[in-house]
Amino acid sequence: MTQDLFRQDAYLFETTATVTAITPQGIVLDRTVFYPLGGGQAGDSGVLVLADGAQMDIVDTRKGKAEDGSFTAAIAHQPAPEVLAQLLSPATGTPVALKVGDTLTARIDGPRRHRMMRFHTASHLLCHIVPKLVNGCSITPDYARIDFNMTEALDKEALSAAIAELVAAAHPVTVGAITDAELDANPALVKSMSVQPPRGSGQIRTIRIGQAPQGADPATTLIDLQPCGGTHVANTSEIGAVIVTKIEKKSAMTRRVVLGFAAP
Ligand SMILES: [Zn+2]
């Protein structure tokens, strides 16, 4: 398995690591700062800095897959297809760039990830502003889209203004955990119809916006609390100038909200 350092510290953009496997899905490390595609959030890109200082570009990150297609606890770092092909079956006489047991530095594209952290936290603010179930979502470095299961119309300017207000209020964003039993007792915490929280390990990661969990002033407001495995900013003020760029009636039962960065 790969230790997922980004779950505890989304701001850790670099780590040393050891190669544990090279598979058709990519390079597996014992630990990583690379977030794998999942929960609507795109996989990270970046570089692996090898022992000799050479850099190998990583174009995407995915969860490892078992032979039956189920996800494993491994995280696969994907180099360009021709680089991976060469690693998997090196041509005779060609030196191998990377092998199992090598230590290296794994470094994500930090500014790209930070844009996704801003969008992901902004999408949770939208869950508070629009109290409807989410039936699809996609967080990318350039935009985010959130599909709400609803028939009512939404107003672009009003949503942008509500986001700006919560950003200006500088609410803390904290990572926590609840037990499977606590989640069963509070099913309303799950705001997504499309992404189910991972059960079975006993603990489910949560993201809380507003009202820090311990020692909080009871007067402070809880904005949003939901199970989520994604990477987030530490305070809503860091979201900055994120606005609603488009609202679409995707289907009779779905309103799609698209978030983007305001023009500087
Ligand atoms: Zn989330």
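Predicted model: local features only at pLDDT ≥ 70, side-chain atom pairs only at ≥ 80, totals over all residues.

Which strands form the open sheet of three, and in what order? The order is S12-S13-S14, and the pairing is antiparallel. Residues are numbered from 1 along each chain as its sequence is written.

Helices (H or I, at least four residues) and strands (E, at least two) are DSSP runs, numbered from the N terminus, and two strands are said to pair if DSSP finds at least two bridges between them.

Back to that sheet of three: strand S12 (173–179) and strand S14 (222–227) are at its edges, and each has a single partner strand, so one side of each is left without a neighbour in the sheet. On average, neighbouring strands here are turned by 25° against each other, direction ignored. Axes, by the way, are lines fitted to C-alpha atoms, for helices over the stretch in contact, and angles run from 0 to 180 degrees between N-to-C directions. S12 is joined to strand S13 (residues 203–210) by seven bridges, the two running antiparallel, and within that pairing glycine 176 stands opposite threonine 206 in S13. Helix H2 packs on this sheet, touching S12, S13 and S14, and its direction makes about 110° with that of S14; contact here means that the C-beta atoms of two residues, placed from the backbone, lie within 7 Å.

H2, which covers residues 110–129, also lies across S10, strand S11 (144–149), S15 and S16, running at about 160° to S10. Those four strands make an open sheet in the order S10-S11-S16-S15, with antiparallel pairing. Its edge strands are strand S10 (134–139) and strand S15 (242–251), each pairing on one side only, and the twist from one strand to the next averages 15°. Eight bridges join S15 to strand S16 (residues 254–261), and these two run antiparallel, with serine 251 opposite threonine 254 in S16. Helix H3 (residues 156–168) lies across S15 and S16 as well, running at about 135° to S15.

In the loop between H3 and S12 we find alanine 170, whose phi is near 50°, a positive value in a residue other than glycine. Most residues other than glycine have a negative phi. Is alanine 170 buried or exposed? Alanine 170 counts as exposed because it has 10 C-beta neighbours inside 10 Å, the rule being that 20 or more other C-beta atoms within 10 Å make a residue buried, 12 or fewer exposed, and anything in between partly exposed, with C-beta atoms placed from the backbone.

Let me turn now to the domains. The domain assignment, which is automatic or comes from a database, gives domain 1 (3–108) and domain 2 (113–261). The centres of the two, taken over C-alpha atoms, are separated by 29 Å, and 13 residues of domain 1 are in contact with 16 residues of domain 2.

S5 and S6 form a hairpin with five residues between them, and glycine 53 in the turn has a positive phi of about 95°. S5 is also joined by four bridges to strand S9 (residues 103–108), again antiparallel, where valine 49 stands opposite threonine 105.

Arginine 31, placed in strand S4 (residues 31–32), is partly exposed, with 16 other C-beta atoms within 10 Å. Leaving aside residues up to four places away in sequence, arginine 31 touches Thr2, Gln3, Leu5, Thr15 and Ala17.

To finish with the whole protein: its secondary structure comes to four helices and 16 strands, buried residues make up 34% of the 264 residues, and the C-alpha trace spans about 65 × 40 × 35 Å along its principal axes.
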